[in-house]
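Please keep the sequence and the model at hand while reading.

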Amino acid sequence: FGAASSLRFKPRSLSLSGSYRLSEAFSLNAQVNSSQRAPMFYELHAQGVHVASGAYERGDAHLGLERAKGVDLGLEWKQAENFLRLNLFRTRFASYIALDATGEQFDDAGETFPVYAFKAVPAVLTGFELEGHWHLPAQLLPGTQFALTATLDGVRGSNRQTGEPLP
């Protein structure tokens with residue numbers, strides 16, 4: 001495995017949010033944030049075949065903090081215990097830790113695996129979150145409470161340097 005190593009990271013995060021009531025039922029929400037994340041141990045030290053993905057993964061012990069700045073905008077409708085929320089977000093990364101294909105192949109006892117390496121890339125993530133919650137009338141089944149809850153979200157990530165989608 002090699003010599004033991006010790007790494008220290010001091011990630012910091014900051015966010016500022018606000019809400020403006022448009023009417024009794026509607027509110028507009030906004031948030032700006034700056035965040036940092038320390039790399040996970042496998043992003044730093046992976047060096048072998050990952051059986052579940054069928055790939056050879058290579059870590060990078062020189063990775064620094066993942067750094068991002070983002071903005072979220074949301075609209076919420078609420079009436080009693082029922083609500084519907086829509087949130088749109090965009091996060092720009094100076095250094096997003098991605099697992100990218102290298103184009104290399106690794107041979108292990110006659111079995112070939114594609115090689116993927118963890119590296120920091122400039123990136124952007126854009127997406128949405130939609131959530132709804134609706135309480136059903138108690139008259140449907142006396143003595144019970146039921147609610148319908150649904151969520152839907154989507155995100156698109158791309159490498160700002162190459163324009164390619166993030167893996």
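## Contacts and fold

In this predicted model, residues 24 or more positions apart account for 58% of those contacts in the chain that have a separation of 6 or more. The secondary structure consists of 1 helix and 8 strands, and, read from the N terminus, the elements follow the order β-β-α-β-β-β-β-β-β.

## Dimensions and surface

The chain has a radius of gyration of 22 Å, whereas a compact globule of 167 residues would have one near 15 Å. Along the principal axes, its C-alpha atoms fill a box of roughly 65 × 40 × 35 Å.

Of the 167 residues in the chain, 28% are buried. The accessible surface amounts to about 11,800 Å², and carbon and sulfur atoms contribute 57% of that area.

## Two alanines with positive phi

Most residues other than glycine have a negative phi. Alanine 80, however, has a phi near 55 degrees, which is a positive value in a residue other than glycine. This alanine 80 sits in the loop between strand S5 (66-79) and strand S6 (82-108), and alanine 80 counts as exposed because its relative accessibility is 69%, where the cut-off for exposed is over 50%.

Alanine 109 likewise has a positive phi, near 55 degrees, and its place is in the loop between S6 and strand S7 (111-135). With a relative accessible area of 82%, alanine 109 is exposed.

Technical notes
Residues numbered from 1 in each chain as written. Predicted model: local features only at pLDDT ≥ 70, side-chain atom pairs only at ≥ 80, totals over all residues. Heavy atoms only, no water. Helix = DSSP H or I, 4+ residues; strand = E, 2+ residues; numbered from the N terminus. Rg over C-alpha atoms; globule rule 2.2 N^0.38 Å. Buried < 20%, exposed > 50% of the residue type's maximum accessible area, 1.4 Å probe, protein only. Contact = heavy atoms within 4.5 Å. Areas by Shrake-Rupley, 256 points an atom, 1.4 Å probe, with all protein chains shown as cover.
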